[in-house]
Amino acid sequence: MSESSYGLSVITSVEEYQQLVQTRAGQRLVDLTERIPSLVLDIRYATPDNLLGEAVYSEARAFLREPVADALAQVQESLKARGLGLCVYDAYRPYSVTVRMYEQIQDEDFAAPPWRGSRHNRGCSVDVGLVKLSNGERVPLPTDFDEITPAARSRYGDLPAHVMLNRSILLATMHYYGFVNYPGEWWHFDHERWPEFDLLDLPFAAVKV
Ligand SMILES: [Zn+2]
């Protein structure tokens, strides 16, 4: 465990992470497309199409801690009955990326401050939308991912009925499986078990199995 320049304890060594995985159940970061093959990935931070305007991930991959990935698999299974599935925009995010995002955006409503870190850094948060399972087509939701407008708020009401219904399906299904929505962003969810997991600053290449 090393201390970040903002005073937080962050795991920065692959050896320490591997040791944690071997000694404590559920600590492993799981590749989401391996656990949930029907998932659609749209990892915006691996492209310039994000708030920062440049790619900050070298690969379009998504990881979550094992019990959180299992909970997301249950969400996917439950949505199947409606012909829907999840689209993942972001999941585990290395701590250094959070620091970089905050330094550029400087808005605590849309970027976690480095002195607190993000639950994304713990592999316990996920940004999701909905797709039609049959063809992967997007289901209409209030805004695009990471769009900084009032409509991003989860209780924003000035929307067509079908968009509100889609948002309700997403919020209710995620909630049922232990994900708590951040009211400022309809797409952001923290799994309720997040306090059990440390902040990590390891690149995707270091956590791949
Ligand atoms: Zn998020």
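Here, "buried" means under 20% relative accessible area. Keep that in mind for the close-ups below, which come from a predicted model.

View 1. In α3, the buried residues are Pro-67, Val-68, Ala-69, Ala-71, Leu-72, Val-75, Gln-76 and Leu-79. The helix has 15 residues and spans 21 Å from its first C-alpha to its last, close to the 21 Å expected at 1.5 Å a residue.

**View 2. The largest nonpolar core.** This core takes in 57 residues, and those with the most contacts inside it are Leu-32, Leu-72, Leu-86, Val-88, Val-126, Met-174 and Phe-179. Which helix gives the core its largest share? That is α3 (residues 66–80), with six residues. Apart from this core there is another one, of five residues, including Leu-8, Val-10, Val-99 and Leu-199. In soluble globular proteins, nonpolar side chains tend to be buried together.

**View 3. Zooming in on Val-88 and its contacts.** Set aside the neighbours within four places in sequence, and what is Val-88 in contact with? The list includes Leu-32, Leu-39, Val-40, Leu-41, Asp-42 and Ile-43. Ala-62 and Leu-72 are in contact with Val-88 too, as are Val-126, Asp-127 and Val-128.

**View 4. A five-stranded open sheet.** The strands come in the order β4-β6-β7-β9-β8, and their pairing is mixed. At the edges sit β4 (40–41) and β8 (179–181), each of which pairs on one side only. Strands of a sheet pair through backbone hydrogen bonds, either parallel or antiparallel. Another helix to look for here is α5 (residues 161–176), which lies across β6, β7, β8 and β9 at about 130° to β7.

**View 5. Strand β9 and its two partners.** On one side, three bridges join β9 (residues 188–191) to β7 (residues 125–132), and the two run antiparallel. Follow Asp-127 across and you reach its bridge partner in β9, His-188. Three bridges also join β8 to β9, again antiparallel, and here Asn-181 has Phe-189 as its bridge partner. β8 and β9 make a hairpin, with six residues between them. Are the residues on the two faces of β9 buried or exposed? Both faces are covered: His-188 and Asp-190 on one side, and Phe-189 and His-191 on the other, are all buried.

View 6. As for disulfides, with the sulfur atoms required to be within 2.5 Å, the count comes to zero.

**View 7. Two loop residues with positive phi.** Gln-106 is in the loop between α4 (95–105) and β7, while Asp-146 is in the loop between β7 and α5. Neither is a glycine, yet phi is near 55° for Gln-106 and near 65° for Asp-146.

Note on methods. Residues are numbered from 1 along each chain as its sequence is written. This is a predicted model: local features need pLDDT of at least 70, side-chain atom pairs count only at pLDDT 80 or more; totals for chains, interfaces and linings use all residues. Side-chain values use heavy atoms; hydrogens and water are left out. A nonpolar core is a set of buried Ala, Val, Leu, Ile, Met, Phe, Trp, Tyr and Cys residues joined through side-chain atoms within 4.5 Å. Buried means under 20% relative accessible area, exposed over 50%, partly exposed in between (1.4 Å probe, protein chains only). Helices (H or I, at least four residues) and strands (E, at least two) are DSSP runs, numbered from the N terminus. Contact means heavy atoms within 4.5 Å. Two strands pair if DSSP finds at least two bridges between them. Axes are lines fitted to C-alpha atoms, for helices over the stretch in contact, and angles run from 0 to 180 degrees between N-to-C directions. The expected span of a helix is 1.5 Å times one less than its number of residues.
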